[in-house]
Amino acid sequence: MEHLNNKQKILITAALIIGLFILLLVLEQFLPSSSMLFVVLKKGAIYALVVVSMNLLNGFTGLFSLGQAGFMLIGAYTYAIFTIPVEARPMVYQYFNGGIVKFTLPVIPAIILAGIVTAIFAYLIGLPVLRLKSDYLAIATLGFAEIIRAFFQWDKLGPITNGSNLLKLYPVFHSVIFPFTVAGICIAIIVLLINSSYGRAFKAIRDDEIAAEAMGINLAHHKQISFTISSFFAGIGGALLAMFQTTVQASAFRATMTYEILLIVVIGGIGSVTGSCLASFLFIACSEWWLRFLDNTTYIGSFKVPLLATGFRKVFFAVVIMIIVLFYNRGIMGTNEFSLDALIEFFRKRFSKRRKEDSAT
Amino acid sequence: MAFIEKNLPYILAGISVGGQYALIAIGYTMVYGILRLINFAHGDLFMAAGFMMVYLSATLPLYIAIPLVIILTVILGFLIERVAYKPLRKAPRMSVMISAIGVSYFIQNSAWYITSGLAKQYPTIPVISNSINVWGSTTTVVTVITPILTIILVAALVALIRYTKIGMAMRAVSRDFETSQLMGIRINTVISYTFVIGSFLAAVGSLLYFTNYTTVTPTAGSMPGLKAFVAAVFGGIGSIPGAVLGAFIIGICENIIKGLGWTTFYDAFTFALLIIILIAKPSGLFGEKSTDKV
Amino acid sequence: MKKALAVSLILSLLIMVFAGCSTPGGKSDNVIKIGVYEPASGDNGAGGKQETLGIEFANKVVDTIELDGKTYKIELEIVDNESSNDKGPSAAATLVSKKVSVVIGSYGSSVSIAASDVFKQAGIPVIGASCTNPQVTLGNTHYFRICYLDPFQGTVLANFAVDKFGAKKAYILTKLGDDYSVGLGNYFKEAFTKLGGSVVEESFAEGNSDFIAYLTTAVNNDVDVIFAPTSTEAASLIISQAISQGIDIPLLAGDTWDSSVILDAAKGSQQEIFVSTFFDEGDDSALGSKFVTDFKAWLNANPDKLNNNGGNDIVAAVSALGYDAYMTALEAIKAAGSPDPKKINEALWNVKYTGVTGDIAFDENGDAIRNVAFIKQANTADATWKFEAIQSVK
């Protein structure tokens, strides 16, 4: 058996995924629901989706866009606006007489709608913006994100968006399974897209626009597709984030959020889906859980550990990120994917070596 | 007359904030002109200068603290270039920009750590913090000084670029990076000079800005920074008079918009202006025609 | 090489996940944990720190509790919610994972609302010390609060504006996306228009530092008072710019402005500043004056605590509320007779306690029944607060 054939590969992948879900179910049964592990898993899954969708744009199509937070905001708001139960609306829209949306959508259609609305906005924004190149595109998308944020805080839109106030009381998830399923399906679709002829066209654009155009790839069309699809998934990510946070507010979706997502993309490797997923979980776990001790003044006996104080966690993070950017600019995975073949190859080498030694004796 | 009296404060505030944006914008436009890099950390350098002043003036008299702040800011700007941008000179533009975002993240978080996230009160600088009366409306001296000082500094800078050797080298490098290298211009020196000048102006801008708006926070630099960048693009990136004019226009428009009661949109307006100019006239008001923007 | 690095990273990730699972905080038998969910940084950092100081001081005064003849030690678990609605819930989750019995907090209504559901799902009761927005406790059974509410505070301030200045027109400046600010502004507007006044409303966004245009609009509209319920960070900007622009309209604000930050900003000027608050340092009741003297002594004995209080020993109302919230929590634990959050939650409904800020008992929403507010004026000559009036709603 030289390599696994396709059928086997699919089977093994499916088995791994099922295994993962069973593991999650088991964990949920046996661990107290208050464990930080679940917070990390939920938020990690959501970030994985958002990061992968940004990677589709920045890593696979070579469009340096910084509008991610704005698109997540649209998704989060769309979801929240359409799912707040009718009886809870007077309480949420307390300054706007209960708002003007007087119906409620079920959760799944609302999530899909969140993606669609975001995609429509993205399509419209993409029309003028995608003509710009590299850093100009970056600053223009960043600008659009800020405009979107101001727009959603506008008092006159209050009956729809509740002005600048919190949206809340919409349905949320409690189990880890939900974000894993939704994010998993979305990431799978993105992977399929990347491996399709569209994906190859995206990569061609990334590597050399002129060459790609010469080969007959319609640049404007493909950039628009990549931008819209990426935003669609950013919107869904935003909806999931709204569910995770249980409340949502426009002022949270600042440029800092985009920077953070971009830095996760870099950590994972620009142009690697598995790298992005891995980096998301690592980043969230570190920032929410493992490195929290850096923020607390700690005493070992009577010795005060130096430097530890509020905010040290963030400085530590920033240093690590700078080191990655400067010295390991390929991130964890570079443009490689974490694949079964590579893993099997890795183990087979070890085994075959031992087998040889065995037969030699 | 009553109309002018009523609306003069908006215009005065706009001119003064415009002058402060202008001093930051020059740093952006010069760095972009030479390295083709949006130095995202420039706004944070401006904020760092504010915090240095807060801490230094607590122990030192102002006549020592002010020059020291300017020197330290210049050193910080120089170090940022050496540590974060120089190693990436050959890397794709996107990597350098990510590095710039990383530096910005680092400076903001460090400031957050040092101050534990609390706002700090900026020291009162005598004379320029005082109130004076301009045509019937009260304002601070710094409001009046800012545009004058800005114009003097810009004139000096333009003279420097036009008549000195290093200025000539800067022009050469911004025209053609590789050829000027072949002509024996030491490119790293030129880039360092650019950052030194940019940081110096940012430090001066920070002194003026925070004398007017007396609270320094770790995120205080990001908005003025972005706006100054928009001003640089608006005026035509690479052009110093363009950046200054753009900054004044943005500062004044912003305050007029606030005066009209559209307070939710004054930040958004700046970005809308950016997008319009990028689409309609990417080379900005004074920019040279160039093909690598669109 | 790269591949090995990747694999080892994945392995370390997995190991840490499982290591994390197997360390459920070794909860010893005789410790009860009280969570402190307060901002120590960001917009409301200064106020949050003062509230935390009150709680820490209370913990210093009473740090054990006797239940069924067994003595429990009370430990505080302090987290920083960064005054941010998106960072708050994860800070709250940290508290939940540390298995606290009851939580106190937060300064700032927005973060309290944002984290409310996290505590609700975990079944942990929360006692808000100074979050005044009605939405904090409305529609849930786990959130309590010991201070007055914004509809009350807004009405008090509107009454005061009319009584003191005969105000006909008010300028209201609120911060976008801040429930406290928007809510209080709104209640002030309602009460003020009911009294026959008219208002001009404007709002500013996060990160804005230029208030000159806003103040000019206020002047151009010939208003009698400026009402600016904002965080202290924005407040110091507003005050210093009002001074530099020579604006002689009195500034009015709610409880957040009861802070030494305001006094520092206004020092040496002619600006008139009035705030409504929960507690006055000059309180001459036996409980109140004892708290003030002891608290000051404690602050002065601990330099870093004094630093957290803003470098002086002026007693902020939120410190007093923090102290009372802690004591109320103890009463509830005593009444429940157990460190179980569910039992404490039930017991809280019937807790009655006389604290330094007055009598505390909860109504059907979980709000303390309060009917007076203190109005104080900033004494700009020597940077202290001057007691102005006790105001209640007619």
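Two strands pair if DSSP finds at least two bridges between them. Keep that rule at hand. The model used here is predicted.

**Exercise 1. Decide whether strand 1 and strand 3 of chain C pair, and in which sense.**

Step 1. Find the bridges. Strand 1 (residues 31-38) and strand 3 (residues 70-80) of chain C are joined by eight bridges.
Step 2. Apply the rule. At least two bridges are needed, so the strands pair, and the sense is parallel.
Step 3. Pick out one facing pair. Tyr37(C) is opposite Val79(C) of strand 3 of chain C.
Step 4. Look at what lies on the sheet. Helix 3 of chain C packs there and touches strand 1, strand 3 and strand 4 (102-104) of chain C. The directions of helix 3 and strand 3 of chain C make about 160 degrees.

**Exercise 2. Work out which strands stand at the edges of the six-stranded open sheet of chain C.**

Step 1. Write the order. It is 2-3-1-4-5-6 in chain C, and the pairing is mixed.
Step 2. Read the ends. Strand 2 (64-67) and strand 6 (143-145) of chain C each have a single partner strand, so each has one side without a neighbour in the sheet.
Step 3. From one strand to the next it averages 30 degrees.

**Exercise 3. Find how strand 11 of chain C is placed between its partners and how far it is enclosed.**

Step 1. Take strand 10 (residues 251-253) of chain C. Three bridges join it to strand 11 of chain C, and the two run parallel. Leu252(C) has Phe274(C) as its bridge partner.
Step 2. Take strand 14 (residues 373-379) of chain C. Four bridges link it to strand 11 of chain C, this time antiparallel. Thr277(C) has Phe374(C) as its bridge partner.
Step 3. Check both faces. Ile273(C), Val275(C) and Thr277(C) are buried on one side, and Phe274(C) and Ser276(C) on the other.
Step 4. Conclude. Five of the five residues of strand 11 of chain C are buried, so the strand is largely enclosed by the rest of the structure.

**Exercise 4. Describe how helix 5 and helix 8 of chain B are arranged.**

Step 1. Get the angle. The axes of helix 5 (residues 141-163) and helix 8 of chain B come within 10 Å and cross at roughly 170 degrees.
Step 2. Compare with the cut-off. Angles over 145 degrees count as roughly antiparallel, and these two helices of chain B are therefore roughly antiparallel.
Step 3. Count the buried residues. In helix 8 of chain B they are 20 of the 26, so this helix is largely enclosed by the rest of the structure.

Note on methods: Residues are numbered from 1 along each chain as its sequence is written. Chains are lettered from A and ligands numbered from 1 in the order in which they are written. This is a predicted model: local features need pLDDT of at least 70, side-chain atom pairs count only at pLDDT 80 or more; totals for chains, interfaces and linings use all residues. A residue is buried if 20 or more other C-beta atoms lie within 10 Å of its own, exposed if 12 or fewer, and partly exposed in between; C-beta atoms are placed from the backbone. Axes are lines fitted to C-alpha atoms, for helices over the stretch in contact, and angles run from 0 to 180 degrees between N-to-C directions. Angles under 35 degrees count as roughly parallel, over 145 as roughly antiparallel, 65 to 115 as roughly perpendicular and the rest as oblique. Two residues are in contact if their C-beta atoms, placed from the backbone, lie within 7 Å.
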